[in-house]
Amino acid sequence: MSNTSRTENTRTLLLQAARHEFAAHGIAGARVDRIAERAGVNKQRIYAHFGDKEQLFRHVVGGAVDELSQAVTLTDDSDPASYVTRIFDYHRSHPDLLRLLLWEALHYGDSPVPGEEERAGLYDAKVASLTEAMGGSASGTDARHLLLTLIGLAAWPQITPQLTRLVLGRDPSDEEVRDQMREHLEKFTRNAAAPPTTSA
């Protein structure tokens, strides 16, 4: 294996280990030695590749958000109901992303997050696509509100499994419960986002 390949392999192993550690413990609770041990490398490699734990956290969250953005697109041929179910399905399969975003929110609070402008640009593109998908019937502000609402609808039952269990009276990890929730979200969004009818 060449030095370049070895370096890239080490970096990949570190990012995978760090994603697991940060999702479980957040940036404050994460331990560099546990990340290094899980990756099977000397912890000095973390500092050599990423500088410090906060920079490593930034890379992990940025990578996870990029994966979501590429996996769940909103094109002009997809409606809001389809989009909300695809977000729901993605988080269902990748629960670590929501945990990372929650830890990020706790760590940074109201302060700007690293790479904020670049990440905001991803959502600007989704707002434009959502407006197109709705046939231009939504204003820019309305489309932004709708996008945030769709993300919240898809994520909230999975962010707070205890609340989901209390409200539904059933185990939120049960596949039947998840399928019913998905179906409900699709129907709800289809009705809520339907263009207004005009009376004659």
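A residue counts as buried under 20% relative accessible area, as exposed over 50%, and as partly exposed in between (1.4 Å probe, protein chains only). The model shown is predicted: local features need pLDDT of at least 70, side-chain atom pairs count only at pLDDT 80 or more, and totals for chains, interfaces and linings use all residues. Residues are numbered from 1 along each chain as its sequence is written, and side-chain values use heavy atoms, with hydrogens and water left out.

View 1. Arg19 belongs to helix H1, residues 3-29; helices (H or I, at least four residues) and strands (E, at least two) are DSSP runs, numbered from the N terminus. Because its relative accessibility is 15%, Arg19 counts as buried. Its side chain makes a polar contact of 3.1 Å with the side chain of Glu67. A polar contact is a pair of N or O atoms within 3.5 Å; within protein, one must be able to donate a hydrogen and the other to accept it, and residues adjacent in sequence count only if both atoms are side-chain atoms.

View 2. Helix H2 spans residues 32-39, and its buried residues are Val32, Ile35, Ala36 and Ala39. Seen down the axis of H2, these buried residues fall within an arc of 95 degrees, so they line one face of the helix; the arc is that of the directions from the helix axis to the C-beta atoms. An α-helix has 3.6 residues a turn, so residues three or four places apart point the same way. The face turned away from the buried side carries the exposed residues Glu37 and Arg38. After H2 comes Gly40, with a positive phi near 75 degrees.

**View 3. Annotated spans.** In the model, residues 8-68 are 87% helix and 0% strand, with end C-alpha atoms 22 Å apart. Residues 31-50 are 75% helix and 0% strand, and their end C-alpha atoms lie 15 Å apart.

View 4. A salt bridge is a side-chain nitrogen of Lys or Arg within 4 Å of a carboxyl oxygen of Asp or Glu, and the whole structure holds 12 of them. Arg190 forms one with Asp79, their closest N and O atoms being 2.6 Å apart. This pair links distant parts of the chain, 111 residues apart: Arg190 lies in helix H10 (residues 175-192), and Asp79 in the loop between helix H4 (53-71) and helix H5 (80-93). Arg182 bridges to Asp89, with the closest N and O atoms 2.8 Å apart. Arg182 is in helix H10 and Asp89 in helix H5, so this pair ties together parts that are 93 residues apart in sequence. The side chains of Glu186 and Arg190 also meet in a salt bridge, at 3.2 Å from N to O. Because they are 4 residues apart in helix H10, Glu186 and Arg190 are separated by about one helical turn.

**View 5. Arg99 and His25.** Arg99 is located in helix H6, residues 95-108, and counts as partly exposed at 42% relative accessibility. The C-alpha atoms of Arg99 and His25 are separated by 9.3 Å, although these residues are 74 residues apart along the chain.
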